[in-house]
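Subject: Structure handover

Hello,

Here is the structure for you to look over. My notes follow below it.

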Amino acid sequence: MKDHSAFHPQLDKRRRYGTLIAGLLFAATMLGLLVLATLIVDVVTTGSGWLSEQFLTGYPTARPETSGIWPAIVGSLYLMLIVAATTVPLGVGTALYLEEYADEGGLKRIIQLNITNLAGVPSVVYGILGLGVFVYLFDMGSSLLAAGLTLSLLVLPIVVISAQEALRSIPQGVRESAFALGATRSQVIWHHLIPMALPGIMTGVILSLSRAVGETAPLVLVGASLAINFTPAHLLDDFTALPMLVFQWTEEPGASFQELAAAAIIVLMAFLLLMNLSAILLRNHFEDQLAG
Amino acid sequence: MASADSSNVGSSTQANTAPSTNSTADAQQADATPTAAGRAGDAASEGEAETKIAVSNLNFWYGDDTHALQDITMDVKANRVTALIGPSGCGKSTLIRCFNRMNELIPNTTLEGRVHVNGQNIYQADPVAVRRHIGMVFQKPNPFPKTIYKNVIWGARINGYTGDEDALVERCLRQAALWDEVKDSLHGSAYNLSGGQQQRLCIARALAVEPDILLMDEPTSALDPVATGKFEDTISELRSEYTIVVVTHSMQQASRVSDETVFLYMGRLIEMGATEQVFTRPQKERTEAYVTGRFG
């Protein structure tokens with residue numbers, strides 16, 4: 001029999017401590033969820049009464065009963081298209097350059113550091129940049145294009161970083177075996193790396209679009225319209241977007257407008273939910289394709 | 001020759017039959033030599049075999065400090081299996097990756113010296129063209145996440161192959177001794193294969209670009225003994241058509257499959273020669289200590 005007198009296991013105490021930690025972590029999770037659930041329930045009960053065909057397809061007016069959000073839905077959709085069209089090629093291109101082409105060293109580190117920092121810059125700062133560069137310098141005015149490009153800048157770092165992560169997670173063996181067969185770098189990239197990174201890239205892009213569609217501050221600074229009675233016909237047209245209407249209606253006096261804002265929020269949330277769902281479906285689709 | 005081959009395969013599970021393994025291989029080599037000599041160019045011929053890969057004064061560094069290969073000079077003979085052996089970290093994987101310029105994919109590495117393949121300095125050639133003539137099988141089976149068929153045909157397609165694709169896929173899979181196991185699931189995912197099957201698929205994939213050299217970097221280290229045995233049989237089948245260089249941790253494997261053995265230690269080439277001689281009558285004390293299992 002060995003002498004264990006120098007050990008004091010205190011198993012009961014250690015177990016109690018473990019249970020306590022587990023309980024605290026559960027409470028932390030629940031607290032966040034509870035706040036979110038309250039918010040959603042509040043918004044839905046307040047706004048759902050206003051959801052009607054007239055609300056979805058009508059134009060904003062001074063009277064809540066006749067107000068609709070059609071121009072904002074169209075505006076938000078267009079903004080997302082502009083953001084997707086600019087950030088996907090730029091973001092994925094940047095990630096491919098940094099991961100597959102750039103030499104390790106000073107320049108790459110500086111670029112990487114800047115991209116990481118840009119991801120943390122507050123959106124209002126991008127708004128100021130958009131106002132100065134796109135609205136005034138490039139003379140685009142408070143247009144759909146100016147706002148779309150501003151939002152693109154805002155989410156570009158997120159797209160770059162997620163695409164980089166996706167590329168980095170591809171085993172080096174894939175690159176090596178492809179090169180060993182006499183492939184050029186661009187063949188390796190187009191035939192293997194992009195298809196394999198696609199699920200990760202898609203996730204990053206959709207998350208970025210979700211972020212862009214909910215942003216208000218840059219739109220306010222770029223000068224998006226609050227209430228307009230037409231849908232934008234071209235890129236340099238005036239426009240409004242869902243967050244702008246929410247922003248405006250919550251400022252108005254009277255309970256009706258508050259409820260209208262809640263209804264617009266429901267539509268915005270449905271938008272986001274739909275996008276996240278499509279992100280998951282697309283990702284699964286591409287993952288299945290890779291496996292098959 | 002076919003019967004010599006199969007008796008060789010049959011005895012390959014017993015390490016102590018190494019001498020006989022080699023004598024059959026030598027006989028086979030003697031058969032192959034006339035045609036090989038016909039193609040032999042200016043290469044300095046050692047013994048009766050053509051030199052396929054000639055390495056002279058090769059030095060290799062990782063970063064500034066790690067001198068991984070120190071002044072390696074050696075020849076790899078055509079249509080033979082050459083084993084690179086040595087303890088972990090001796091530089092055998094680094095050396096084999098110098099033969100198809102694979103190390104260039106690793107940043108901050110430096111290479112000095114010359115590697116000639118078929119008389120041409122590969123470090124003065126286009127790396128893409130060099131690699132197309134030298135197939136490689138890696139330590140971990142790494143098929144592409146595609147179908148079995150696409151895994152095999154991809155290398156040929158990117159190199160502009162215009163022949164019969166189905167025939168090429170079948171021939172390569174047969175050469176890799178995988179055809180019978182996968183012929184009904186050619187369009188299924190390569191990921192559904194076992195590790196041993198995946199590794200033989202990697203051979204078939206390498207064969208599809210019609211290389212004349214096959215490099216294998218510890219190809220069986222992730223495989224169980226049965227799969228390893230099958231893989232070694234495949235190597236034996238391929239030796240008549242290809243020059244094979246195989247890095248291995250296992251001395252038994254080296255003695256089973258190889259004709260020539262190169263022993264590396266701490267980045268230096270200690271000894272090279274016919275496998276039988278290296279294992280039974282090593283010239284250097286360090287080699288003897290290693291092959292008899294006293295270290296490493």
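First, a term: a salt bridge here is a side-chain nitrogen of Lys or Arg within 4 Å of a carboxyl oxygen of Asp or Glu. This is a predicted model, in which local features need pLDDT of at least 70, side-chain atom pairs count only at pLDDT 80 or more, and totals for chains, interfaces and linings use all residues. Residues are numbered from 1 along each chain as its sequence is written, chains are lettered from A and ligands numbered from 1 in the order in which they are written, and side-chain values use heavy atoms, with hydrogens and water left out.

Salt bridges

Over all chains, the structure holds 19 salt bridges. One of them joins B:Lys52 to B:Asp212, with the closest N and O atoms 3.1 Å apart. That pair links distant parts of the chain, 160 residues apart. B:Lys52 sits in strand 1 (residues 51-62) of chain B. B:Asp212 lies in the loop between helix 8 (195-207) and strand 7 (213-217) of chain B. Helices (H or I, at least four residues) and strands (E, at least two) are DSSP runs, numbered from the N terminus.

The chain B sheet

Two strands pair if DSSP finds at least two bridges between them. Eight bridges join strand 1 of chain B to strand 2 of chain B. There, B:Trp61 has B:His67 as its bridge partner. Three residues lie between these strands in the hairpin, where B:Gly63 takes a positive phi near 65°. B:His116 has B:Asn121 as its bridge partner.

The A/B interface

How many residues does each chain give to the contact? Chain A gives 20 and chain B gives 24, where contact means heavy atoms within 4.5 Å. The area buried between the two chains is about 2,000 Å², and carbon and sulfur atoms give 64% of it. A:Glu176, A:Ala180 and A:Leu181 supply 31% of the area that chain A buries against chain B, more than any other three residues. Buried area is the accessible area (1.4 Å probe) that two parts lose on being put together, summed over both.

The rule finds one salt bridge across this interface. A:Glu176 and B:Arg97 form a salt bridge through their side chains (2.8 Å, N to O). Helix 7 (172-180), helix 8 (185-214) and helix 11 (255-291) of chain A each give two or more residues to the side that touches chain B. Helix 7 of chain A gives the most, with seven residues.

UniProt annotations

For chain A, UniProt lists "domain: ABC transmembrane type-1" at residues 73-278. That span is 78% helix and 0% strand, with its end C-alpha atoms 18 Å apart. UniProt also places "transmembrane region" features on chain A, including residues 20-41 and 69-98. Residues 20-41 of chain A are 100% helix, with end C-alpha atoms 31 Å apart. For chain B, UniProt lists "domain: ABC transporter" at residues 53-291. That span is 36% helix and 27% strand.

Best regards

Notes
UniProt positions renumbered as here; feature names shortened; annotations may be inferred.
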